[in-house]
Amino acid sequence: MSPASVPTRWLAAAGTVAEIDEDAFIEGALILSIGGAQQSHVNLRAPDQVFYEYLRRIANVLDLLRPPGEPLKVLHLGAGALTLVRYVEATRPGSEQAAAESERELLDFVLQYMPLTPGTRCELILDDARAAAGTMAPGSFDAVVLDIFAGADAPGHLANSAFYGELLRTVGPDGVVLVNVGDDPPLAFARQQSSELSSVAADGAALADREMFSGSHPGNIVLAATNREWPAEWTDRLLAAGPHPAAVLTGADLRIFQAGA
C-alpha cells in the first residue's frame, strides 16, 4: 500500500482513527493502528505466526490446554484484529470461539481488510466485555482472553476481582483465564491486577520478558489464572517456548511481585 492508499476508519466511540498498513518486512502481514499507535499484527498468509511478544506468550498457554490440533473453546474479550482467533483456527481447526468488541466500526473495518479464514467458527459480539461475558454459561470455555487494558486507565468495572471471578466461572475446571496488562514503571497497576486475579483463583502465574519484572521498564505482562493447581510442567514448557528471555512467576515469586518487592 502506498501512504495515500492506507485504509482508515473513524472510530466514533473512541474518537480517533484506525488504519491498516502493510508490514514493510513481512510479506502478507498487516498492522492495525489506532490513534497512531500500533495495536495488532496479522499475517494473513501464516496466521499461526504471532508477531507481538505478549500475544505469543498467550498463544503458548493456549497450546498447553489440549493435545496439538485438538479444538478449543475460547472467549476473546477485546477483539482487536482477531489475531488470536486466527491463531487458534490455524492451529486447531474446528475450534469454537467467540469475540466481543464494543466498537462496531473497528470490527467492521478489520473484517473488511483482514477477513477471517473461511470456515472459522467464531461468534462476533458487539458489546461491552463484561456484558458479553455475563451471557456465557458456566464452564462453557476452555480459555478466556481479556486484552483491553492499557495501564491504569482501564475501565474500572473490568479491572477487579469480581469480574475476574466471573471469568473463572466461565472456564471449566481445567481451563485458564489470561489477562494482558500493559503498564509503566513501577508497574503498580499490573501488580494490583495480579493480586486481584489471585484473590479469586485457585492458582496462577505471570508471564513476561524477564526484565519486565524488575519494574523499571514499560511493557506487557500476561496474567494467568486457573481453577486448579498451576501445573509445574506448564512453567517449564512456557520458559522453553519463550519469547526469550522469558520469566514465569508462580507461588512465592508471584506474591513477591504483587507486593512490589
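**A right-handed helix crossing and its setting**

Helices H1 and H2 cross in a right-handed manner, meaning that the near helix is turned clockwise from the far one by less than a right angle. The model is predicted: local features need pLDDT of at least 70 and side-chain atom pairs pLDDT 80 or more, whereas totals for chains, interfaces and linings use all residues. Residues are numbered from 1 along each chain as its sequence is written, and side-chain values use heavy atoms, without hydrogens and water.

H1 covers residues 53–64 and H2 residues 83–91; their axes lie 11 Å apart at an angle of about 35 degrees. These axes are lines fitted to C-alpha atoms over the stretch in contact, and the angle, on a scale from 0 to 180 degrees, is taken between N-to-C directions. On H1, the contact (heavy atoms within 4.5 Å) is made by Leu-55, Arg-56, Ile-58, Ala-59, Leu-62 and Asp-63, and on H2 by Thr-83, Leu-84, Tyr-87 and Val-88. By class, 7 of these residues are nonpolar, 1 is polar and 2 are charged; Ala, Val, Leu, Ile, Met, Phe, Trp, Tyr, Cys and Pro count as nonpolar, Asp, Glu, Lys and Arg as charged, and the others, Gly among them, as polar.

The protein chain as a whole contains 8 helices and 12 strands, assigned as DSSP runs (helices H or I, at least four residues; strands E, at least two) and numbered from the N terminus. Of its 261 residues, 51% are buried, that is, under 20% relative accessible area with a 1.4 Å probe, protein chains only. Among contacts between residues at least 6 apart in sequence, 66% join residues at least 24 apart. Along its principal axes, the C-alpha trace spans about 55 × 40 × 35 Å.

Definitions and conventions
Buried < 20%, exposed > 50% of the residue type's maximum accessible area, 1.4 Å probe, protein only.
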